[in-house]
Amino acid sequence: MMEAHNAAVRLIAQQVQRFSEKNKPFRIYHGSTNSTRTSQRRADNTIDTSQLTHVLSVDAASKTALVEPNVPMDALVDATLAHGLVPPVVMEFPGITTGGGFSGMAGESSSFRHGAFDATMRSIEIVLPTGQVARASKTNNPELFWGAASAFGTLGVVTLLEVELRDAKEYVELTYSLTTNSKDTVKVMEDAAAKEETDYIDGIVFSKNATVICIGKLTDDLPKGRSSQRFSRRSDPWFYIRAKDVLKQLEKKPAQDAANTVVDYIPLRDYLFRYDRGGFWVAKYAFRYFLTPFNRITRTALDRFMHARVMYRAVHKSGLADKHMVQDVGVPYDAVSDFQDWLDTNFAIYPLWLCPLRVQRDTPPGSVAADAQHGLHSDFGRPHAPNLMNFGVWGDMQGARARRAVVARNRDLERKVQALGGKKWLYAHAYYPEDEFWAHYDRASYDALRAKYSAGYLPSVYDKVRVDVDAEEAAVRATWKTRAKHQVKEIWPVRGVYGFYKAAVGGDYLLQKTKTKSVEKVDGSSS
């Protein structure tokens, strides 16, 4: 397996070197139907990394796994659980890849303790923009390691990741509790984070005065007389629906009642991907769009389309994401109340997702603090970098239907987060003008790394994440065909039907029904 990997990397390095010699930018094709568009992918403009889909090894002694970048989370979890191990941070959607999680600074409910996904890497292999193959870690080439994290592929092509692992257990004992104001929410989460036995923390804000906090710990024990709560089967509830039902139970008692909790025992894999079905809760907007009743019968009947992989394809093919707020942002704990009040007044989007994040980068033995102060988020390497509370703000903006109106509301959010000293995670649409964008991220460090590693001919992070509305509108006006196509898509329910069709025929559903071939056992045989 390692020989095959090295051969694939040599070919990628040769291709990158040829682009470098011509000073010609290239695209990266990962093999996903949601990455580079097939119509734009050609041999003369694309690096094909689609073959890098394997878990090469799982080492139980060192608690590490060697993983190629296109391995999705479900395949990684399956491979490591076979050895009684699990990554410390697992993104909540099965289709998110290891490379994507590293390059995009992904976090989850264990990030209050372990940091973002990139912080749980022991080392990476990367093809630099010159075609040279390099290794980097927190102690060896740390500037390259931390610079590549959150760089979205603009410092080179990551081809291998050494993922740290921890002991797994059979269940997550998940305790739900209710808070009625944001100050109490932060306190409950901080108190839970201070306990050594706490492994997972997140929360769902159902209204300004009702937040369900979910605190989990790993366990092998299922109490006598209890059955496990599942979330992965067609007949199971969505996790969001379960939390909503729990809220009704918790509201029957005073919130200050210390005994006012509900406890579930969830199989570990079900917990890790608990938000897959329904895509947290955003799938409810599809039911509303198609004027379909939202109940257990319809959710069960349409379950094949309610998984994140399928929904991702549908929403992006339809373009309906452009009509909604889809943002993740983090603000310091002391700004949570201000920000939550502002969201309630200006958007009234509910539910909201809360996830406490430890962003401060660890300094391993033998290194100094400055080693971690590189890249877009160099401030996370500074001592005493504050923890951030992630807000997942996903929903319909009432009264904002025109594209320009939606952009204006997103700009309001960007400015508020910046004013509170927070961060916006760049997987989502960014609407900043360039000067404002770079006031928010460390351009000096990022540009220095780009110069050192000869990456100047590649697009910058800003080039990759920004949304150019003027260009969008110009493309629509370009010809009578593009104008007519746009007008037809604006007729309800054309966009939705088109997205539904692409999801149904795109092959993504098959990924829900079969084991991905990217998982390899240590002996090299397909699992």
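The following dialogue explains how to read several features of this predicted model.

Q: Which strands form the open sheet, and in what order?
A: The sheet is open and has eight strands, ordered β13-β10-β12-β11-β15-β16-β14-β17, with antiparallel pairing. β13 and β17 stand at the edges with a single partner strand each, so one side of each has no neighbour in the sheet.

Q: How many bridges join β10 to β13?
A: Strand β10 (residues 171-179) runs antiparallel to β13, and seven bridges join them. Within this pair, Ser177 stands opposite Thr261 in β13.

Q: How many residues of β13 are buried?
A: Five of the seven residues of β13 (residues 261-267) are buried, and the strand is mostly covered.

Q: Which strands pair with β15?
A: β15 and β16 run antiparallel and are joined by five bridges; here Leu354 stands opposite Phe391 in β16. Strand β11 (residues 200-207) also pairs with β15 in the antiparallel sense, over three bridges, and Val205 stands opposite Leu352 in β15.

Q: Which way do the side chains of β15 point?
A: In a regular strand, side chains alternate between the two faces of the sheet. In β15, Leu352, Leu354 and Pro356 point one way, whereas Trp353, Cys355 and Leu357 point the other way. Six of the six residues of β15 are buried, so the strand is largely enclosed by the rest of the structure.

Q: Where is Arg361 found, and what does its side chain reach?
A: Arg361 is found in the loop between β15 (352-357) and β16 (388-396). The side chain of Arg361 reaches the backbone oxygen of His374 at 3.1 Å. Leaving aside neighbours within four places in sequence, the contacts of Arg361 include Trp146, Ala372 and Phe380.

Q: What is the nearest side chain of opposite charge to Arg361?
A: A salt bridge requires the charged atoms to lie within 4 Å. Arg361 is buried yet has no salt bridge, and the nearest side chain of opposite charge, Asp118, is 5.6 Å away.

Q: How may the length of helix α13 be checked?
A: At 1.5 Å a residue, the 17 residues of α13 (residues 403-419) should span 24 Å; the end C-alpha atoms are 25 Å apart, which agrees.

Q: Which residues of α13 are buried, and what covers them?
A: An α-helix has 3.6 residues a turn, so residues three or four places apart point the same way. The buried residues of α13 include Val406, Asn410, Leu413 and Val417. Among the elements covering the buried residues of α13 are β14 (324-332), α12 (336-346) and α17 (469-477).

Q: What phi does Gly421 take?
A: Just after α13, Gly421 takes a positive phi of about 75°.

Notes: Residues are numbered from 1 along each chain as its sequence is written. This is a predicted model: local features need pLDDT of at least 70, side-chain atom pairs count only at pLDDT 80 or more; totals for chains, interfaces and linings use all residues. Side-chain values use heavy atoms; hydrogens and water are left out. Helices (H or I, at least four residues) and strands (E, at least two) are DSSP runs, numbered from the N terminus. Buried means under 20% relative accessible area, exposed over 50%, partly exposed in between (1.4 Å probe, protein chains only). Lys and Arg count as positive and Asp and Glu as negative; His and the chain ends are not counted. A polar contact is a pair of N or O atoms within 3.5 Å; within protein, one must be able to donate a hydrogen and the other to accept it, and residues adjacent in sequence count only if both atoms are side-chain atoms. Contact means heavy atoms within 4.5 Å. Two strands pair if DSSP finds at least two bridges between them. The expected span of a helix is 1.5 Å times one less than its number of residues.
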